[in-house]
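Subject: Structure for your review

Dear colleague,

Please find the structure below, together with its sequence.

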Amino acid sequence: MPGELPRQQFVLDTSLFITEEIRRDDESLEAAVVRLLDLVATARLELNISCYVPPSIHDELATMLRERDVDEAVFSRLDTWVVRKSPDRYGITIPANIVYNFIDEMSDRVDRGLRVSEQAIREVEQLDPEALAAEPDTDDGREEYMTDADRILSNMRDKYRRALRQGVLDSREDFDLLVLARELDAGVVTEDRGIISWADEFGLRYVRGGQFPTLLEEYLRAAGVDDET
């Protein structure tokens, strides 16, 4: 009976709903989200599995779904079956070693970001300075120079972003997710590699977002619940 099952809880990240990994062939984003929420509802009613989001994640998700023209009815399902709960930021303690590792990692990433910037400056130095100072006879010369400069700047931005942000805890939403999961002793569901990395640091269980629908389906199947989704 569902009431005899140990209670499982999950905290859901925005990336779970947005990732293409949850979609079936030729399935739209809206259809995939509806199917996911139906699974969450069935798991809640039949297996006592609860899913949560911090308010900051809910707001972020709602914005992204509206930007993708998802029907308002989907938001009603979301608010019905996924519980909004603020994390207890004052009551939950975090080991000093986690903070120490975070500071150490950010210091290393700043150094990497500086090296990316230095490399871009050296590349700019290799460009012909006369091409910038001279008035070209045609537009081609100026456009060619600007194309090289823009290419260097674009590459620097991409590398700088990866150096400082990829795989790191870089937003309040991410932190809320981890603190709430720690408070509830819940599993984290995400496709974000930074959150996964820090879920390990926090000692939390985690599930890749693309695997979560299958996980719920397997739970339901093992419990003998018919899956009509």
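A residue is called buried when its relative accessible area is under 20%, exposed when it is over 50%, and partly exposed in between. Please note that this is a predicted model.

By that definition D176 counts as buried, because its relative accessibility is 4%. Its salt-bridge partner is R89, with the closest N and O atoms 3.0 Å apart. R89, in contrast, has a relative accessible area of 51% and is therefore exposed. The pair joins distant parts of the chain, 87 residues apart: D176 belongs to helix α8 (residues 172–184), and R89 to the loop between β3 (82–84) and α5 (96–125).

The whole structure contains nine salt bridges. Among them is the one between R66 and E72, whose closest N and O atoms are 3.4 Å apart. R66 is partly exposed at 44% relative accessibility, and E72 is likewise partly exposed at 46%. D79 and R84 also form a salt bridge, at 3.7 Å from N to O. Here D79 is partly exposed at 38%, as is R84 at 45%.

Beyond its neighbours within four places in sequence, F10 is in contact with residues including I49, Y52, V189, F212 and L215.

Yours sincerely

Definitions and conventions:
Residues numbered from 1 in each chain as written. Predicted model: local features only at pLDDT ≥ 70, side-chain atom pairs only at ≥ 80, totals over all residues. Heavy atoms only, no water. Contact = heavy atoms within 4.5 Å. Salt bridge = Lys/Arg side-chain N within 4 Å of Asp/Glu carboxyl O. Buried < 20%, exposed > 50% of the residue type's maximum accessible area, 1.4 Å probe, protein only. Helix = DSSP H or I, 4+ residues; strand = E, 2+ residues; numbered from the N terminus.
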